[in-house]
Amino acid sequence: MQKNTKLGPAKIALLLLAIVLVAAWIFPLWNVAVSSTKSLPGYANSKPWAFARGENPIVQFGKNVQRAIQGSQRGNGIRPALFNSLLYSVTGSVIAIACAALAAFSLACLRVRGRFFFFLLLFSGTVFPLQVYLIPLFTLFQKTNLYDTKIALILVYIAICIPFCVFLLRNWFLDVPLEIYEATKIDGASDLQAFRLIFVPLSKAPFAALFLFQFTWIWNDYIFGTTFARSGTTRSIMALLAAQQNMYSSMGTPAILASAIFVSIPTLFLVIFFRNTFFKGMALQFSGSSK
Amino acid sequence: MDKVKPYLFLLPALLFVGFFLVYPAFMTFSVSFTEWNGINVSKMVGFDNFRFLFSDPAFWKSFYNTIFWVVGSLVFPVTLGLFAALMLYSLPGERLFKVIIFMPYALSGVVIAIVWSYMYKFEGAINTILAGFIDKRHLQPWLQIVPINTLAMIITYGWRMTGTNMVLFSVGMLAIPDEPIEAARIEGASYFQILRKVIIPMLASTTAVVVVMAIINSLNIFDIIWIMTQGGPYRSSATLGVNMYFESFLNFNFGHGAANATVLSVIVMAASVFYIRVIFKKREIGS
C-alpha cells in the first residue's frame, strides 16, 4: 500500500485526531510519573496530574525510589527480585529459543515422520490458559522440594516460551529455500552442521525478535511468579510489586508508583529502542510459505 | 541412526513442553474428578466438581463476565487498533505516534493494574476530571461498582492491547498492493469507498488473526483483574481465570479449581480451532 504524505485539510484533521488519541494514551503514564515525584502529603493535596506545590520533584522522586528499593519491611526490598527476574528472563528466553530452534529446524527441514503432530503438540502451549498448568506444577514442585526455588521458575519459563518460538522459527525456516539445505548435504555436512553453520546465522532477525518478546513476557509475568515462589530470595519482580501494592498503607502511594516505574524501565527501554525489531517480529507471525 | 536423528533435534523442546505443559494439562483434567486440597490423599468424586460448579452462582457470574470481556476486547482494542493503523498510516509523525500507542506493551499486567487503579480511585484522576462536568454526588469509587468495574478494567485492557493490534494491522496494510487502490482512485472513488471496498476486504486474513488472538487473550485474562479488584467485590468481577485461581489458591479446593480450569480450556480450545485454521489458511495464501 502506497504512502501518501501530502498534507491536505483531511490530513491535518487526522493529525489533530491522532494528537488527541496519543494524549489520551500518555495521560495515565503522565499521572503516574508526576505522582511519583510527590511526598505523601503533597500527593494528597494536589491534582493527580499536577506537581505538588512547594516540593522539589527531583528530590522527592529520589526519596520515593529509595523507599521502593528498600521496601516497607524486611524481605520486601526490590534488589533481590530485580536480579531474580533478570536471571529468569535471560536464561528462560535464551534456552527456550535454543530448544525451539532445534525443534523448528527438524520440523521444517528434516523429513520427520509425524511432524505435523509434533508441531501441534508443541504449538498447543500457546493457546491453553496458563491456569491449566498451575495445580499440577504447584503440587509437583512441592513433592520434589522445588517449590519456591529459582530452578523451578526457570524450568517453567523455558517450557512456556518454547511453543511460540517454535511457531515463529518454523515459519522462518520454511521460507529458507530447501536447496540451501540440500546443497549442504551434498557437500557432506551433517544436519547439525547445516543447522549451526547455515540456519543459525540466517536467523539473527527472528532470534533477536524472539529474545525481546520472551524477555518481556517473563519479566512481566505475574501468575507463575506468584504461584511457584513465595520468599524474598526467589520472588520475581512483578510478584514483589504486587506484594508492595498490597501493603500500600505502609509504603505510601507515591513510593508504590515510583516502584512501578522503576521495575518497568528495562522493558520500556527495550520497546522504545528496539521498536522496529518488535514490529518486524510481529510481522514474522504472518510469514512462511506452505510446504 | 539416520531415522532417529531428526527426533533428537526435537527432543529438548518436547521434553520441556511435554513435562511442564502437556502433562500438567492432562493432570488438571484428571484432578477435576477428585476432591483434593493438595495435602491429603485425593478422592475420586466423579462429576461432583462440575455439578458444584454449574450450580454455583459465582461460577456463572464469572462465566458471564468472561463473555463480557471477550465482547469488550473485540469492540474496543481491536476496532481502535484498526482505526489507529488506518489513521496513522502515512501521517507525519507516524512512527512517534505508533511507539506511544504501542508503549503499554512494555508494561506488565501488574504495573498497568496499579497505574489504572489510581486513575479510578475515588480521589483519582478520572473523578477529578468528571467533577468538572457532573455533580460531585454522582462520583463513585468506580472499581467497586458492578458492572462498571468490569467495563473500567476492559478500558484498561484496551489501553494495553490497542497498540499490539495496531501494529498487526499495520503489517497487514503494508502487504496490500498499490494497483487496486490506484485503479479505484482513477475511477474516482472516495477515500471511504476505497477503504470499504478495497482496504478492509484485503485486510480480511489479518483481521481474522487479530480477532481470534483477541478472543483467546481475553479468555485468559488474569493479572489485571487480580490486582485491580481481586474479582471483587464479592467475586462479582471475576472471570473464569480469576475464579479458578480463587478456588485453587485461596480456598485450596483443587478439585473445584481444576474443574474450572477444564471448562475454561474447553472454551479456549474451541476458539483455538479457528485460530489454527486461520493461521494455516493464511500460510496457504502465502502472503
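Leaving aside neighbours within four places in sequence, which residues is Pro48(A) in contact with? They are Asn31(A), Ser35(A), Gly124(B), Ala125(B) and Thr128(B). The list therefore takes in residues of chain A and of chain B, and Pro48(A) itself counts as buried with 23 other C-beta atoms within 10 Å. This is a predicted model. Chain A has 15 helices and zero strands. It is divided into domain 1 (15-70) and domain 2 (79-284). In the contact between the chains, 79 residues of chain B meet 81 residues of chain A.

**Chain A overall**

- The C-alpha trace of chain A spans about 75 × 65 × 30 Å along its principal axes.
- Of the 291 residues in chain A, 45% are buried.
- Take the contacts in chain A between residues at least 6 apart in sequence: 73% of these join residues at least 24 apart.

**The two domains of chain A**

- The centres of domain 1 and domain 2 of chain A, taken over C-alpha atoms, are separated by 33 Å.
- Contact between them involves 14 residues of domain 1 and 12 residues of domain 2 of chain A.
- On the domain 1 side, helix 1 (9-35), helix 2 (40-44) and helix 3 (57-70) of chain A each supply at least two residues.
- Helix 3 of chain A gives the most to that side, with six residues.
- By class, the domain 1 side has eight nonpolar, four polar and two charged residues.

- Helix 1 (residues 5-31) of chain B provides 17 residues, the largest share of the chain B side that touches chain A.
- That side of chain B is made up of 58 nonpolar, 15 polar and six charged residues.
- Pro48(A) lies in the loop between helix 2 and helix 3 of chain A.

**Helix 5 of chain A: two sides**

- Which residues of helix 5 (residues 115-123) of chain A are buried? They are Phe118(A), Phe119(A), Leu122(A) and Phe123(A).
- An α-helix has 3.6 residues a turn, so residues three or four places apart point the same way.
- On the other side of helix 5 of chain A, Phe116(A), Phe117(A) and Leu120(A) are exposed.
- The cover over the buried residues of helix 5 of chain A includes helix 4 (79-108) and helix 7 (150-175) of chain A.
- Helix 1 of chain B is also part of that cover.

**Ala258(A), a buried helix residue**

- Ala258(A) is in helix 14 (residues 253-273) of chain A.
- Why does Ala258(A) count as buried? It has 28 C-beta neighbours inside 10 Å, and 20 or more make a residue buried.
- Not counting residues up to four places away in sequence, Ala258(A) touches Ser36(A), Phe61(A), Asn64(A), Val65(A) and Ala68(A).
- Gln244(A) is 14 residues from Ala258(A) along the chain, and 11 Å separate their C-alpha atoms.

**Backbone exceptions in chain B**

- Most residues other than glycine have a negative phi, and most peptide bonds are trans.
- The peptide bond from Val146(B) to Pro147(B) is cis, with omega near -5 degrees.
- Pro147(B) is in the loop between helix 6 (125-130) and helix 7 (148-174) of chain B.
- Gln230(B) is not a glycine, yet has a positive phi of about 55 degrees.
- The loop between helix 11 (223-228) and helix 12 (240-250) of chain B holds Gln230(B).
- Gln230(B) counts as partly exposed because 16 other C-beta atoms lie within 10 Å.
- Tyr234(B), also a residue other than glycine, has a positive phi near 55 degrees.
- Tyr234(B) is likewise found in the loop between helix 11 and helix 12 of chain B.
- With 10 C-beta neighbours inside 10 Å, Tyr234(B) is exposed.

Methods
Residues are numbered from 1 along each chain as its sequence is written. Chains are lettered from A and ligands numbered from 1 in the order in which they are written. This is a predicted model: local features need pLDDT of at least 70, side-chain atom pairs count only at pLDDT 80 or more; totals for chains, interfaces and linings use all residues. Two residues are in contact if their C-beta atoms, placed from the backbone, lie within 7 Å. Helices (H or I, at least four residues) and strands (E, at least two) are DSSP runs, numbered from the N terminus. Ala, Val, Leu, Ile, Met, Phe, Trp, Tyr, Cys and Pro count as nonpolar, Asp, Glu, Lys and Arg as charged, and the others, Gly among them, as polar. A residue is buried if 20 or more other C-beta atoms lie within 10 Å of its own, exposed if 12 or fewer, and partly exposed in between; C-beta atoms are placed from the backbone. Domain bounds come from an automatic or database domain assignment.
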